[in-house]
Amino acid sequence: MSHYPSRIVCLTEETTETLYLLGEGHRVVGVSGYTVRPPEARRKPRVSAFISAKYDRIESLQPDLILAFSDLQANIACELVKRGYPVVAFNQRSIAEILQMIRMVGALVGCADRADALAGSLELQIDSIRPAATPLAARPRVYFEEWDDPLISGIGWVEELVEVAGGEPIFPELRGARLGRERIVSSEAVIERRPDIIIASWCGKAVRPAKIANRAGWQDIPAVRN
């Protein structure tokens, strides 16, 4: 028996990608249906969406570790624990917490040193961008849309990266809100704050830029008009 988990099911993408970056992709036996990176991970059995999972398929893979993410997967994690499986659920919402998650995943599979090096290199890459953004004559106002119905603004780490790259999030007061429902905003609030840039990443479905641009009253938002 291996000293560390060797049959890991990842219910979201970031732990899959982390394990592959650590050179431990061979340990992954099941992935989320939304997995895209690295491409070879898509050949693994797909066992979950974001808020649902195929328990019979997971059990058939005989995992010795299951990795989950966020409060939205709490019910899935609870069911798997009841079925006797070891489950680790992460809840990273900031850059610092993402880097901590990478280090924790590495420790779980016995390569803490490599994980620390990976997290350190990512941190250096982020820090290297800050000086390039400092001389910008103007900081564009940025609205990041995590979901379209209801409108949900960006999670904390997204807003941090916007600032690192020289932008100014239009809902800074929501950056510390950990749950999606705490970051719901109104269409009128977006119009009022007049973002210069709109970035959208709807979890689990393709973004439709035309749908965003055609919202009532949004034609006068600088990001849409320009």
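**Close-up 1. Arg215 and the ring of Trp218.** In this predicted model, the charged end of Arg215 sits over the ring of Trp218, at 4.7 Å from the ring centre. Trp218 itself is buried, with a relative accessible area of 0%, and its place in the chain is the loop between helix H8 (209–213) and helix H9 (222–225).

**Close-up 2. The aromatic cluster of Tyr143, Phe171 and Trp218.** Tyr143, Phe171 and Trp218 together form one aromatic cluster. Within this view, the ring centres of Tyr143 and Trp218 are 6.2 Å apart and their planes stand at 70 degrees, so the pair is classed as edge-to-face. Tyr143 counts as buried, at 1% relative accessibility.

**Close-up 3. Lys205 over the ring of Trp147.** Here the charged end of Lys205 sits over the ring of Trp147, with a distance of 4.4 Å to the centre of that ring.

**Close-up 4. The tilted pair of Phe50 and Phe69.** The structure holds three aromatic pairs, one of which is formed by Phe50 and Phe69, a tilted arrangement with 6.4 Å from centre to centre and 50 degrees between the planes. Because Phe50 lies in the loop between strand S3 (46–48) and helix H2, and Phe69 in strand S4, the pair ties together parts that are 19 residues apart in sequence. Phe50 and Phe69 are both buried.

**Close-up 5. The surroundings of Leu61.** Leu61 is placed in the loop between helix H2 (55–60) and strand S4 (65–69), and is buried, with a relative accessible area of 11%. When neighbours within four places in sequence are left aside, Leu61 is in contact with Arg7, Val9, Val29, Gly30, Pro45 and Val47. Tyr85, which is 24 residues from Leu61 in sequence, is 12 Å away in space, taken from C-alpha to C-alpha.

**Close-up 6. The cysteines Cys10 and Cys203.** The count of disulfides in the model comes to zero. For Cys10, the closest cysteine sulfur is that of Cys111, and because the two sulfurs are 13 Å apart, they are too far from each other for a bond. Cys203 is likewise in no disulfide, the nearest cysteine sulfur being that of Cys10, 16 Å away. As to accessibility, Cys10 is buried, with a relative accessible area of 0%, whereas Cys203 is partly exposed, with a value of 41%.

Conventions: Residues are numbered from 1 along each chain as its sequence is written. This is a predicted model: local features need pLDDT of at least 70, side-chain atom pairs count only at pLDDT 80 or more; totals for chains, interfaces and linings use all residues. Side-chain values use heavy atoms; hydrogens and water are left out. Helices (H or I, at least four residues) and strands (E, at least two) are DSSP runs, numbered from the N terminus. Buried means under 20% relative accessible area, exposed over 50%, partly exposed in between (1.4 Å probe, protein chains only). Contact means heavy atoms within 4.5 Å. Rings of Phe, Tyr and Trp (its six-membered ring) pair if their centres lie within 6.5 Å; planes under 30 degrees apart count as stacked, over 60 as edge-to-face and the rest as tilted. A charge sits over a ring if NZ of Lys or CZ of Arg is within 6 Å of the ring centre and within 35 degrees of the ring normal. A disulfide is a pair of cysteine sulfur atoms within 2.5 Å.
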